[in-house]
Amino acid sequence: MTHGETPSADVVPPEATLLIIGSGPAGVSAARSYADSGGPGTVLIVTADADRPYQRPPLSKEMLAGEQPVHPQPIEEEGLPEQVSLLLGTEVTAVDRSARTVLCRTSEGMRSIRYSQLVMALGSRPKPLPGVEDGARVHLLRSLRQAGALAEAAAGARSAVVVGSGFIGCEAAASLAARGVRTTMVTPEPTPQAARLGEKAGAHVADWLRGAGVRVLAGTQVEAVRAPCTVRLDDGTEIPADLVLAAVGVEQNGEVPDAAGFPTEEGRVLVDEQLRAGAAEWAAGDLAEARHAVAGRRLAVEHWGDALSMGEIAGHNAAAALTRGAEPRAWDAVPGFWSVIGDRTLKYAAWGDGYSTAHPVEHDDGFTVWYADAEGVLVGVLTHQADEDYERGSELIERRSTVEEALRGG
Ligand SMILES: Cc1cc2nc3c(=O)[nH]c(=O)nc-3n(C[C@H](O)[C@H](O)[C@H](O)COP(=O)(O)OP(=O)(O)OC[C@H]3O[C@@H](n4cnc5c(N)ncnc54)[C@H](O)[C@@H]3O)c2cc1C
């Protein structure tokens with residue numbers, strides 16, 4: 001088996017010391033961290049993806065805007081460590097915990113692989129949009145291949161409808177508009193991202209989108225998409241378009257761990273602070289709902305940086321389980337992400353499981369929103385052009401400071 005090639009059955013190894021399912025940031029950083037922590041033996045990443053590990057964030061930004069070709073940007077510039085191999089285009093269909101074996105569908109048929117340690121990093125997939133007629137030109141955006149198909153369609157399109165106003169929807173709408181596609185965003189939210197970030201922040205995002213040339217239809221549901229490409233709204237309006245992008249959230253790829261008997265909730269694998277899911281099994285990234293060492297409760301996050309850091313912990317702990325005297329580590333970083341919407345950057349750090357009050361502060365050319373729970377404890381911060389607040393905010397959240405302290409300033 002060579003790096004990056006679709007394997008044939010005769011090269012699928014019968015066993016791996018560490019087997020990792022998934023080649024997203026969580027899987028790749030688990031492999032790196034296992035090697036860096038002195039984990040013994042072989043590491044095998046088995047992934048359904050057909051391409052070598054690549055970065056997803058540019059897919060909705062510069063690549064969709066046409067500023068860069070849709071081309072894989074590797075997660076690890078320097079390549080995977082020597083002891084790590086990659087099985088591309090190979091879906092894991094079952095895990096047998098008692099036999100410490102996974103079953104894979106390869107191009108040559110079903111094969112099983114034994115493991116000593118297993119990291120599950122199966123991530124998530126876009127939720128399908130209900131009401132789409134067969135043959136309608138509706139795109140989803142998760143993989144490099146989907147990004148390629150979307151960018152190709154955008155290159156020949158004059159108009160597009162983006163359904164959904166989460167981060168992917170906002171980024172993609174701004175990118176489509178930037179390449180000259182007449183873009184309409186349809187969202188049931190009163191303002192983009194209102195559910196997550198509050199209406200004040202949402203109003204800023206709506207202004208940016210409109211400024212970028214996006215028509216924002218808020219408080220509106222898509223009822224159906226008729227083939228070849230007409231969007232019907234809940235008020236009966238019909239919008240013909242050259243392409244539709246459905247960006248209505250993600251669901252976790254939790255079916256395989258769930259069927260294997262790992263504890264799951266809404267498709268997420270429930271793990272402890274060390275990301276342990278079983279005697280020899282770990283879960284990381286979008287797939288995991290992990291107890292957070294500082295927050296003191298389980299959190300579900302869907303961010304690139306957190307998938308990297310959770311993968312790092314899972315990989316280290318898998319190595320520690322096989323290495324005498326090595327100490328396991330806990331997940332303790334405040335979660336968060338950056339989002340680039342056109343030429344604007346939002347930075348967000350938060351536990352991410354809701355807030356009671358939002359406290360917006362306007363600056364000369366940016367803004368900050370502080371989020372607090374019912375007791376007035378700071379649980380999140382969102383900034384645009386206010387890096388000091390972002391840095392300070394992450395520390396204050398970690399220290400469980402009050403929102404008053406945050407509002408008093410540094
Ligand atoms: C277009 C786009 C832009 C984004 N931009 C940002 C951003 O700017 N900032 C940010 O913080 N986050 C961003 N995100 C979210 C971020 O990419 C995810 O949170 C992150 O990829 C999660 O990493 P993961 O490793 O847990 O899972 P994934 O990246 O989803 O990887 C899961 C892997 O598991 C594989 N897999 C799934 N099922 C199986 C199976 N049964 N057998 C074998 N392999 C399987 C998949 O093929 C894939 O390789 C973006 C996401 C997208 C789609």
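Glutamate 76 sits in the loop between strand 2 and strand 3, residues 84–87. Keep in mind that this is a predicted model. Is glutamate 76 buried or exposed? With a relative accessible area of 15%, glutamate 76 is buried, because the cut-off for buried is under 20%. Its side chain makes a polar contact of 2.8 Å with the side chain of arginine 32. Setting aside neighbours within four places in sequence, glutamate 76 is in contact with Val28, Arg32 and Pro81.

Next, another loop residue. Proline 40 lies between helix 1 and strand 2, the latter being residues 43–46. Proline 40 has a relative accessible area of 34%, so it counts as partly exposed. Which residues does proline 40 touch? Not counting residues up to four places away in sequence, they are Thr17, Tyr34, Gln83, Leu322 and Thr323. Take glutamine 83 from that list. Proline 40 and glutamine 83 are 43 residues apart in sequence, but their C-alpha atoms are 9.0 Å apart in space.

Now the ligand. How many residues surround the ligand? The number is 34, and the closest are Arg56, Lys61, Val92, Arg142 and Trp304. A polar backbone atom of valine 92 is 2.8 Å from a nitrogen atom of the ligand. For histidine 303, a backbone N or O atom is 3.2 Å from an oxygen atom of the ligand. For tryptophan 338, a polar backbone atom is 3.3 Å from an oxygen atom of the ligand. Taken alone, the ligand exposes 1,000 Å², and the protein buries 92% of that. Which elements give two or more residues to the shell around the ligand? They are helix 1 (25–36), strand 4 (91–96), helix 7 (304–321) and strand 22 (336–341).

Let us move to helix 2, residues 144–155. Helix 2 has 12 residues and reaches 16 Å from its first C-alpha to its last, close to the 16 Å expected at 1.5 Å a residue. The buried residues of helix 2 are Leu144, Ala147, Leu150, Ala151 and Ala154. Why do these buried residues line one face of the helix? Seen down the axis of helix 2, they fall within an arc of 120°, so they line one face.

Helix 3 has 12 residues and reaches 16 Å from first C-alpha to last, close to the 16 Å expected at 1.5 Å a residue. Of its 12 residues, 10 are buried, so helix 3 is largely enclosed by the rest of the structure. Among the buried ones are Phe167, Cys170, Glu171 and Leu176. Helix 3 is followed by glycine 180, which has a positive phi, near 90°.

On to backbone geometry. As a general point, most residues other than glycine have a negative phi, and most peptide bonds are trans. Arginine 100 is not a glycine, yet its phi is positive, about 50°. Arginine 100 is in the loop between strand 4 and strand 5, residues 101–106, and it is partly exposed, with a relative accessible area of 33%. Glutamine 193, also not a glycine, has a positive phi of about 65°. Glutamine 193 is in the loop between strand 10 (182–186) and helix 4 (194–197), and with a relative accessible area of 3% it is buried. Alanine 227 and proline 228 are joined by a cis peptide bond, with omega about 0°. Proline 228 is in the loop between strand 12 (222–226) and strand 13 (230–233).

Last, a residue in a strand. Arginine 268 lies in strand 18, residues 268–271. Its relative accessibility is 12%, so arginine 268 counts as buried. Beyond residues up to four places away in sequence, what arginine 268 touches includes Gln252, Asp286, Glu289 and Glu302.

Note on methods:
Residues numbered from 1 in each chain as written. Predicted model: local features only at pLDDT ≥ 70, side-chain atom pairs only at ≥ 80, totals over all residues. Heavy atoms only, no water. Helix = DSSP H or I, 4+ residues; strand = E, 2+ residues; numbered from the N terminus. Expected span 1.5 Å × (residues − 1). Buried < 20%, exposed > 50% of the residue type's maximum accessible area, 1.4 Å probe, protein only. Arc of directions from axis to C-beta. Near = heavy atom within 4 Å. Polar contact = N/O pair within 3.5 Å; in protein donor to acceptor, adjacent residues only side chain to side chain. Areas by Shrake-Rupley, 256 points an atom, 1.4 Å probe, with all protein chains shown as cover. Contact = heavy atoms within 4.5 Å.
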